[in-house]
Amino acid sequence: MLKWALIFLVISLITGFLGFSGVSAATATISKILFAIALIIFLIFVVLAFMAGSAVV
């Protein structure tokens, strides 16, 4: 998912440079949403890892 966020970020930067502001804004929004979802999933896995580690001890 982080890979797709980076792809949309690159597309947003290229289209912004070329002057397609509508496409650039849309892809930037998609990139932000995908990054936020990836961050939330990462944090959930970190919490689950700490909980699993404390259950073993």
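Val47 sits in helix 2. In this predicted model, Val47 is partly exposed, with a relative accessible area of 46%. That value falls between the 20% and 50% cut-offs, so Val47 counts as neither buried nor exposed. Phe35 lies twelve residues from Val47 along the chain. The C-alpha atoms of Val47 and Phe35 are separated by 18 Å.

Val47 also belongs to a nonpolar surface patch of about 940 Å². Met1 comes from the segment before helix 1, which covers residues 2-18. Met1 has 46% relative accessibility and therefore counts as partly exposed.

**Overall form**

The chain has two helices and zero strands. Helix 2 covers residues 21-56. The C-alpha trace spans about 55 × 15 × 10 Å along its principal axes. The radius of gyration is 17 Å, whereas a compact globule of 57 residues would have one near 10 Å.

How much of the chain counts as buried? The share is 14% of the 57 residues. The accessible surface comes to about 4,500 Å². Carbon and sulfur atoms account for 85% of that surface.

**Contacts between the helices**

Two serines reach across to backbone oxygens. Ser12 is found in helix 1. Its side chain reaches the backbone oxygen of Ser24 at 3.0 Å. Ser31 is in helix 2. The side chain of Ser31 reaches the backbone oxygen of Ala5 at 2.9 Å.

Are these two serines buried or exposed? Ser12 has a relative accessible area of 8%, so it is buried. Ser31 has 9% and is buried because that value is under the 20% cut-off.

Ala28 is found in helix 2. Ala28 and Ile11 are 17 residues apart in sequence. Their C-alpha atoms are 8.4 Å apart in space. Ala28 has 23% relative accessibility, so it counts as partly exposed.

**The aromatic pair**

How many aromatic pairs does the count give? The count comes to one. The rings of Trp4 and Phe8 have their centres 6.5 Å apart and their planes at 45°, so the pair is tilted. Why tilted, and not stacked or edge-to-face? Planes under 30 degrees apart would count as stacked and those over 60 as edge-to-face, so 45° leaves the pair as tilted.

Trp4 and Phe8 both lie in helix 1. They are four residues apart, about one turn of the helix. Phe8 counts as partly exposed, at 23% relative accessibility.

**Accessibility by residue**

The residues discussed above are set out here with their values.

| Residue | Relative accessible area | Class |
|---|---|---|
| Ser12 | 8% | buried |
| Ser31 | 9% | buried |
| Phe8 | 23% | partly exposed |
| Ala28 | 23% | partly exposed |
| Met1 | 46% | partly exposed |
| Val47 | 46% | partly exposed |

To recap, Ser12 is buried and lies in helix 1. Ser31 is buried and lies in helix 2.

Note on methods:
Residues numbered from 1 in each chain as written. Predicted model: local features only at pLDDT ≥ 70, side-chain atom pairs only at ≥ 80, totals over all residues. Heavy atoms only, no water. Rg over C-alpha atoms; globule rule 2.2 N^0.38 Å. Buried < 20%, exposed > 50% of the residue type's maximum accessible area, 1.4 Å probe, protein only. Areas by Shrake-Rupley, 256 points an atom, 1.4 Å probe, with all protein chains shown as cover. Patch = residues over 30% accessible without salt bridge, like charges linked within 9 Å, V, L, I, M, F, W, Y side chains within 5 Å. Salt bridge = Lys/Arg side-chain N within 4 Å of Asp/Glu carboxyl O. Phe/Tyr/Trp six-rings, centres within 6.5 Å; stacked < 30°, edge-to-face > 60°. Polar contact = N/O pair within 3.5 Å; in protein donor to acceptor, adjacent residues only side chain to side chain.
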